[in-house]
Amino acid sequence: MSDAYANQLAPAAATGQYSRRDLLRRVATIGLAAPTISGILAACGGGGAPPPAAAPPAGAAPTSAAAAPGPKAPLPTGEARNPLKVPEDQPLDSVIFKGGYSDEYAINAEGIYQQAYPKAKVSHQGIQRLQEQLQPRFVGGTPPDVIDNSGAGNLDTAALVAEGQLADLADLMEAPAFDSSGKKFKDTLLPGSQDNAVYDGKQFALLYAYTVNGIWSSTRLLKDRGWEYPKTWDGMLKLCEEIKKAGIAPWTYTGKFPQYLYMVLMPMIYKAGGIEAIKRLDNLEPNAWQQPEVKASAEALYQLADRGYIMPGSEGLTHTESQAEWLQGKAVFIPVGSWLENEMKGQVPDGFNMAVKPVPSLSVSDKVPFEGIQASAGETFIVPSKGKNVQGGKELLRILFSMQGARFFSENTRALTVVQGSANGLDLGTAFASVQAAADAAGSNRFTYLFGTWYAKMRDDIKDQLGAMMTKKITPAEFVNKAQEFADSTAKDNSIKKYKRA
Amino acid sequence: MYHHKYRLIVPFLAPALLLYGLLVLWPYTQSFYVALTDWKGVSANRNFVGLDNFGRLIQDPQFWNALRHNGAMLVVLPVVTLSIALLFATLFTQGGRGVAGASFYRVVFFFPQVMAVAIVGVLWNFVYHPTIGLANGFLKAVGLAGLQRTWLGDAETALAAVAAVIVWQAVGFYMVLFMAGIQSIPISFYEAAVIDGASGRTMFWRITLPLVWGHVQVALIYLGIVALDFFTIVQVMTIGGPNRASDVVARYMYETAFSYAQFGYATAIGVSLLFMTLTLSLLTFALTRRERVEF
């Protein structure tokens with residue numbers, strides 16, 4: 001996940017679940033005025049809620065590599081051995097978000113680190129809701145050495161950058177790659193994949209999982225019914241009419257977390273107006289949301305709601321609930337990212353053959369062809385500047401982003417990484433194949449938007465309006481106006497640090 | 001003899017007072033200062049910004065939206081919860097015995113109180129589930145399919161649906177509170193009333209309610225605080241959605257602090273909430289004061 005989607009991986013995983021002790025500690029540390037605390041504690045009554053349900057470890061997960069290193073991985077030699085001058089015996093303290101991808105892959109990388117630096121004591125913590133647990137460490141000046149800052153309740157990366165809490169990763173980018181001999185680290189990564197983590201020209205984070213967002217359907221269902229995935233939005237509306245007549249709901253979506261609707265809206269805007277239209281939104285330009293492409297896209301999306309093509313009740317579903325309904329064949333299309341298969345593991349009917357397709361084009365005069373797709377890297381790895389072993393933190397990232405580290409991740413989670421060629425030859429099912437195919441077909445027509453990473457509150461406020469539009473509480477014109485208001489007030493607010501997309 | 005008293009009292013009180021001072025009063029005091037800064041909460045940096053946060057608060061439509069919902073809860077929760085709780089308590093206790101099966105109902109109605117609010121919220125999420133939920137299933141089964149709703153996904157029903165859960169959960173507790181009150185009323189009062197020909201209703205208004213008024217007063221304050229908080233249940237069930245239709249101040253404060261790294265502003269919201277709670281408690285005490293009856 002990029003931060004823009006940070007809330008999507010496990011938005012419902014842990015909402016509002018705190019133990020009594022957590023609360024007390026937080027309150028004591030932060031000194032938040034808390035007339036409500038007694039209320040919350042009283043409400044916690046029997047001693048708090050169960051721990052958030054973690055996703056079960058993925059697939060054929062190997063045993064903890066850190067605890068019991070398997071066969072020795074070949075370690076680099078020469079200048080790739082320790083280019084970052086990691087102190088050999090300094091402990092390494094890593095905190096990894098344990099969500100949709102679990103944390104096996106990080107444990108694997110830590111195992112390799114341990115082999116490379118046998119004298120170092122490597123500690124691993126796989127947790128959720130990082131903000132609550134790591135904030136006191138940042139404030140107290142004792143952060144961990146490396147963090148996967150992802151998932152619901154993560155730390156605001158932009159805020160950490162603004163406060164000087166993160167290490168500049170420039171030396172890592174220029175260092176020799178771990179196991180691609182002769183290549184620099186940065187040259188092993190997909191071009192453009194790290195743009196989301198550049199703040200004012202500096203690389204303050206690295207993004208790992210390569211995510212393709214689009215419209216998912218069961219290729220078998222489409223084939224059985226003789227339906228063909230449309231290339232234009234008009235074609236989509238026609239097909240929806242046909243599907244509706246057949247007694248199935250054409251669409252469902254995650255109504256409780258309407259940010260998933262961005263996965264339809266933003267690609268439409270991108271295709272209609274090109275990357276320039278997206279940049280205007282990112283840069284909070286005056287009247288950016290009033291661009292004709294934005295208006296037309298909102299209007300097109302609204303047709304799904306207006307014509308009754310959305311499964312009744314969708315507005316009350318969480319991501320896993322809407323995805324489950326979709327897997328049961330109650331709806332044909334759903335907008336999600338490529339973590340879908342892993343997230344729904346165990347619930348996918350045999351022969352379902354899920355596949356991702358690009359959002360249909362708004363019109364024939366679009367600037368970007370149908371194949372254009374929203375692709376971005378997610379799982380935000382950061383190295384705190386005030387950690388005790390900053391170079392060690394970077395070194396773990398060099399290992400994680402190596403060919404072997406990335407291949408392990410793909411095998412383990414059925415998801416792509418940003419490491420080029422690391423998943424070549426892996427046969428991991430139809431979903432994985434469709435993601436690879438979609439990314440290949442798109443070629444250079446891949447985009448992402450950045451306002452979600454930079455301006456989290458604005459992203460969420462506009463997302464709420466998107467949800468309101470899809471439940472017909474507001475019209476597309478009202479949506480555009482409200483979105484513009486939120487963008488304008490963000491632009492005016494001096495307390496929010498602004499970034500510029502060139 | 002007299003001065004020995006303190007040797008006993010001081011060691012008993014000191015740890016509690018120390019903890020209270022350290023963990024309650026000190027954070028409260030600190031928060032007054034934090035509310036005047038632009039602290040982001042991710043480093044030790046914070047700059048004094050005066051009353052900016054409070055100025056922003058007054059102009060923040062999302063804060064007022066949340067406060068409106070707290071206001072609605074402040075009216076609805078006590079009225080509904082206390083009415084039902086008093087009704088049950090009276091039915092099960094008044095005059096010494098109550099209706100048939102009273103002891104069974106007492107246990108059953110108290111049961112939700114035993115569960116943590118977070119668990120209650122998760123359970124009711126299933127009840128309100130749009131496609132497989134009990135609520136819609138029940139409506140369909142009794143031929144009222146037209147009343148089916150996406151209870152938590154519809155801006156018009158979300159807050160009411162959440163409030164209903166809190167009422168369901170809280171009634172049992174207040175029922176027990178009032179039953180204890182009613183049981184302490186001398187039975188002879190009711191016997192005298194019966195001889196005078198008073199109906200059950202008259203006995204409730206003339207004897208029961210005046211004599212449990214102290215309990216009602218306490219309940220009002222408790223429920224007032226619940227209404228001003230309302231954090232857990234909203235966070236678990238709707239996260240304030242859809243489109244902030246069920247947002248409340250405590251949740252807005254939480255979101256501001258933990259999702260958007262604006263601890264200074266969030267603390268200002270917290271401070272204002274503190275004063276609201278204090279004012280409410282004092283008002284409730286002042287307005288419900290009555291002469292105590294000795295019996």
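View 1. Phe447(A) is buried, because its relative accessibility is 2% and the cut-off for buried is under 20%. This is a predicted model. Tyr270(A) is the ring partner of Phe447(A). Where in chain A do Tyr270(A) and Phe447(A) lie? Tyr270(A) belongs to helix H10 (residues 262-282), while Phe447(A) belongs to strand S12 (residues 446-447). The pair therefore ties together parts that are 177 residues apart in sequence.

**View 2. Phe88(B) and Phe92(B), a stacked pair within one helix.** Here the ring centres are 5.8 Å apart. The planes stand at 15°, so this pair is stacked. Both residues sit in helix H3 (residues 61-93) of chain B. They are 4 residues apart, which means a separation of about one helical turn. Phe88(B) is buried, with 17% relative accessible area. Phe92(B) is buried too, at 3%.

**View 3. An aromatic cluster in chain A.** Which residues form this cluster? They are Tyr101(A), Tyr105(A), Phe185(A), Tyr208(A), Phe381(A), Phe401(A) and Phe409(A). Over all chains, the count of aromatic pairs comes to 42. A pair of aromatic rings is described by two values: the distance of the centres and the angle of the planes.

**View 4. Arginines over rings in chain B.** The charged end of Arg46(B) sits over the ring of Trp39(B). The distance to the ring centre is 5.7 Å. Arg56(B) lies over the face of Tyr265(B). In that case the distance to the ring centre is 3.8 Å.

**View 5. Strand S8 of chain A and its two pairings.** Is strand S8(A), residues 331-337, mostly covered or mostly uncovered? The strand is mostly covered, with 7 of its 7 residues buried. Strand S6 (residues 206-218) of chain A pairs with S8(A) in the antiparallel sense, over 4 bridges. Asn213(A) stands opposite Gly337(A) of S8(A). Strand S7 (residues 249-251) of chain A runs parallel to S8(A), and 2 bridges join them. Trp251(A) has Phe333(A) in S8(A) as its bridge partner. In a regular strand, side chains alternate between the two faces of the sheet.

Definitions and conventions: Residues numbered from 1 in each chain as written. Chains lettered and ligands numbered in written order. Predicted model: local features only at pLDDT ≥ 70, side-chain atom pairs only at ≥ 80, totals over all residues. Heavy atoms only, no water. Phe/Tyr/Trp six-rings, centres within 6.5 Å; stacked < 30°, edge-to-face > 60°. Buried < 20%, exposed > 50% of the residue type's maximum accessible area, 1.4 Å probe, protein only. Lys NZ or Arg CZ within 6 Å of the ring centre and 35° of its normal. Pairing = 2+ DSSP bridges.
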